[in-house]
Amino acid sequence: MMGEHSSKAYDHDLEAIRSKVLLMGGMVETQFLDAMTCFRIGNVERAERVIREDDAVNQLEVQLDDQCSHLIVRRQPAANDLRTIMATIKVITDLERIGDEATKIARTAKSLHSRGAVTVNHYEMVRNIATATSDMLHDALDAFARNDQTQALALIAQDAVIDHEFRTIMRNLITFMMEDPRTISAALDTMWVAKAIERIGDHAKNIAEYVIYVVEGVDIRHSRAATLVANEATKEE
């Protein structure tokens, strides 16, 4: 009876943490979408709101890390359960970094529009990669919520597509700057935004890899299996 009671208490605590992690995920999703809106239309007030909201995300990261640490100490989870907690801690870190990247986009958008430096069709340059990355982040959180390893594997392939799109954007922007030096300032800002979007894709891929780690007990980060998935996705492009 004591073991059953302990197990139920652990499950309750872990579920409470997972619910907060998904809340944090929703917060950074909104940050990213709002930041891209700022980049598109130059809404300074919204950009400042995205920047302010990063403090709330950071505070939630601290709270969740503390809760996870206390859960390990109080419940002393066995191997499988400990694996879940460690993966959850890593997901929390990636979500906080996604918030940081969204804040970078908002700051860049605010600076770009305040300078009146919009000489490149800056938003159209990154629209496709931003949409793909937003979808990827949403699906990564969904895979985490449902422990869906099939969806997680598909996301790893999607990251390779985003990386390919990022390289294309870089080449196009360099061409713009070489052909018309007046575009350099806005093109550099657009490069920073594209890089932030690509990094958000990387963090979403990390979340997918942690889902696979929880379900299968296999760490595929930097592995040959993950590389093969990425290469196949790039070939299809």
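Guide: Before the angles, one definition: an axis here is a line fitted to C-alpha atoms, for helices over the stretch in contact, and angles run from 0 to 180 degrees between N-to-C directions. Also keep in mind that this is a predicted model.
Visitor: Okay. At what angle do helix 3 and helix 6 pack, and how far apart are their axes?
Guide: Helix 3, residues 79-115, packs against helix 6 at about 170°, and the axes are 9 Å apart. Angles over 145 count as roughly antiparallel, so helix 3 and helix 6 are roughly antiparallel to each other.
Visitor: And which hand is the crossing of helix 3 and helix 6?
Guide: Helix 3 goes past helix 6 in a left-handed crossing. The residues in that contact split into 17 nonpolar, five polar and eight charged.
Visitor: Now helix 4. What's its angle with helix 6?
Guide: About 15°, with axes 9 Å apart; helix 4 covers residues 122-146 and helix 6 covers 184-216. That makes helix 4 roughly parallel to helix 6.
Visitor: Who's touching whom there?
Guide: On the helix 4 side, the residues include Met-125, Ile-129, Met-136 and Phe-144. Helix 6 brings residues including Ala-194, Ile-197, Gly-201 and Lys-205. The residues of this contact come to 15 nonpolar, four polar and one charged.
Visitor: Which hand is that crossing?
Guide: Left-handed: that's how helix 4 passes helix 6.
Visitor: What about helix 3 with helix 4, how far apart are the axes?
Guide: Those axes are 13 Å apart, and the angle is about 160°. Helix 3 and helix 4 are therefore roughly antiparallel. Their crossing is left-handed.
Visitor: Which residues meet there?
Guide: From helix 3 you get Thr-88, Val-91, Leu-95, Ile-98, Leu-112 and His-113, and they meet His-122, Leu-137, Leu-141 and Phe-144 of helix 4. By type, that contact has seven nonpolar, three polar and no charged residues.
Visitor: Then which charged ends sit over rings?
Guide: Arg-40 has its charged end over the ring of Tyr-123, 5.9 Å from the ring's centre. The charged end of Arg-83 sits over the ring of Tyr-213, 6.0 Å from its centre.
Visitor: Great, thanks!

Definitions and conventions:
Residues are numbered from 1 along each chain as its sequence is written. This is a predicted model: local features need pLDDT of at least 70, side-chain atom pairs count only at pLDDT 80 or more; totals for chains, interfaces and linings use all residues. Side-chain values use heavy atoms; hydrogens and water are left out. Helices (H or I, at least four residues) and strands (E, at least two) are DSSP runs, numbered from the N terminus. Angles under 35 degrees count as roughly parallel, over 145 as roughly antiparallel, 65 to 115 as roughly perpendicular and the rest as oblique. A crossing is left-handed if the near helix is turned anticlockwise from the far one by less than a right angle, and right-handed if clockwise. Contact means heavy atoms within 4.5 Å. Ala, Val, Leu, Ile, Met, Phe, Trp, Tyr, Cys and Pro count as nonpolar, Asp, Glu, Lys and Arg as charged, and the others, Gly among them, as polar. A charge sits over a ring if NZ of Lys or CZ of Arg is within 6 Å of the ring centre and within 35 degrees of the ring normal.
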